Amino acid sequence: MSNSIEQVTEPWQMENGNVKVLSKEKHGRTAHNISASSLRKKSDIDLASKVRCSVLKKFFGNVQEVLFGTKLCILLPFVPLAIFAEWYGFDRPWVFALSLLGLTMLAERISFLTEQIAFYTGPTVGGLLNATCGNATELIIAILALWQDKVDVVKYSLLGSILSNLLLVLGTSLFCGGLVNLHKEQNYDRKQADVNSALLLLALLCHALPLMFRYAGDAAAYSPKATLQLSRASSIIMLIAYMAYIFFQLCTHSKLFAAQEEEQDDDIAGSEETPVIGFWSGFVWLVGMTILIALLSEYVVGTIEEASESWGISVSFISIILLPIVGNAAEHAGAVIFAFKNKLDITLGVALGSATQIAMFVVPASVLFGWVLGIDMDLDFSLLETGSLALSIIVTAFTLQDGTSHYMKGLILLLCYIVIGACFFVSSGTTTDHQQNNIHLGIRSSTKGIFRA
């Protein structure tokens, strides 16, 4: 028998004593899964195989694969350290930093577990699972922040995730990939980029309309309730568009998104043939990892203000810049690695796909979840945040319009991210709605005075 079959028949990879024969069909792998695969390593199964008890052998085998089957296992100690620091009342900035580092590994493990479950559920269900869990950390942080009525943290963190994927991740990948492949032609499939760019522009329209609605017409007649209703209606439209995108990706035009898997390395392609843990084991581990992510996310949300005061950095800068960089470090590293290998389709699938998922799924889901909780979460970001989002999407769309890449494109995206980061670093990010309304009234009054003159 082949090595792959032997691997499946290990005791800890069996469910209820039976070995499930799996076909080699596509099982819903996305660019996120492929990217995360570059950070995984083969586990040493000798230790688990020496255990005589079959139950313990299965348990230790799963522990070996789930906890130590990644190059990020060096970050594993930060998870219990964060819980220990919170339990024994350490300074809040320490709890924030330890929790953030612990989330880095857990986010990558969620991608691994969803991929393992997708082996058993088939390509459609697996694709849906990946589409909903691809940015589970951002979604959980948003839900917990809304639960604590921290709407600004939700807006800042989600905006930062979009900016980070479009400018930092994509810019670093194109820049480094362009330098490494200086004398090679770098091409990618424009079809995926066009679809994601169109969805991002739709998201931008839904974000810009509430802001324009606030600044249009008579300021005295402005109603925050009307803006909230517009945001909720726009969120429903965005979710409908995202579901259509998932149907487009998994059913009608799946070849556009599956073509990138044909160019994988042999070790990654080989790891795709068979799962390393069983379905129910993967499900239990997925639930456990989700609980840990929720716990550490609660620590992050609860300590972000104290960390801001202790470090002398605004909450907006921490939420927009630091949270996305550290929280998605594993995914970002995978995108850069594949850019080194001149496989830009995977890199674009990670960066644009993640930005699209946040903009079209996580953001509107947060608005509707706030609606359920009775919290006024809307799409009316401030002028600075909306302007940064608009320019980032436009610059990225123009950068990817010709289907070729070089290091200069990546450098431009990186410089855009640095400028935006500097802007939020010097900005306090504490402008209240009352102050914004006063600014709005002042602009309107000044405009009328100019026309009268």
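The model is predicted, so local features need pLDDT of at least 70, side-chain atom pairs count only at pLDDT 80 or more, and totals for chains, interfaces and linings use all residues. Residues are numbered from 1 along each chain as its sequence is written, and side-chain values use heavy atoms, with hydrogens and water left out.

**Cavity**

- The structure holds four cavities of 30 Å³ or more, a cavity being a set of points on a 1 Å grid over the protein atoms alone where a 1.4 Å probe fits but cannot get out.
- The second largest cavity has a volume of about 120 Å³, where volume is the space filled by probe spheres set on the points, which are joined across faces, edges and corners.
- Its lining, meaning residues with an atom within 4 Å of a point, consists of L100, L103, T137, E138, I141, S157, L158, S161, L323, P324, G327 and N328.
- Two or more lining residues each come from helix 6 (92–121), helix 8 (136–147), helix 9 (151–180) and helix 15 (315–327), helices being DSSP runs of H or I with at least four residues, numbered from the N terminus.
- By class, this lining has six nonpolar, five polar and one charged residue, with Ala, Val, Leu, Ile, Met, Phe, Trp, Tyr, Cys and Pro counted as nonpolar, Asp, Glu, Lys and Arg as charged, and the others, Gly among them, as polar.

**Helix 9 with helix 16**

- The axes of helix 9 and helix 16 (residues 329–340) come within 8 Å and cross at roughly 30°, where axes are lines fitted to C-alpha atoms over the stretch in contact and angles run from 0 to 180 degrees between N-to-C directions.
- That angle makes helix 9 roughly parallel to helix 16, a term for angles under 35 degrees, while over 145 is roughly antiparallel, 65 to 115 roughly perpendicular and the rest oblique.
- The contact (heavy atoms within 4.5 Å) involves residues including S164, N165 and V169 of helix 9 and E331, H332 and A335 of helix 16.

**Helix 15 with helix 19**

- Helix 15 and helix 19 (residues 407–426) pack at about 140° with axes 8 Å apart, which makes helix 15 oblique to helix 19.
- S316, F317, I320, I321 and I325 of helix 15 meet Y417, G421, F424 and F425 of helix 19, a contact with seven nonpolar, two polar and no charged residues.

**Helix 8 with helix 17**

- Helix 8 and helix 17 (residues 344–373) pack at about 25° with axes 10 Å apart, and are therefore roughly parallel to each other.

Methods. On a 1 Å grid over the protein atoms alone, a cavity is a set of points where a 1.4 Å probe fits but cannot get out, and a pocket is an open set with protein on both sides within 12 Å along at least five of seven lines; lining residues have an atom within 4 Å of a point.
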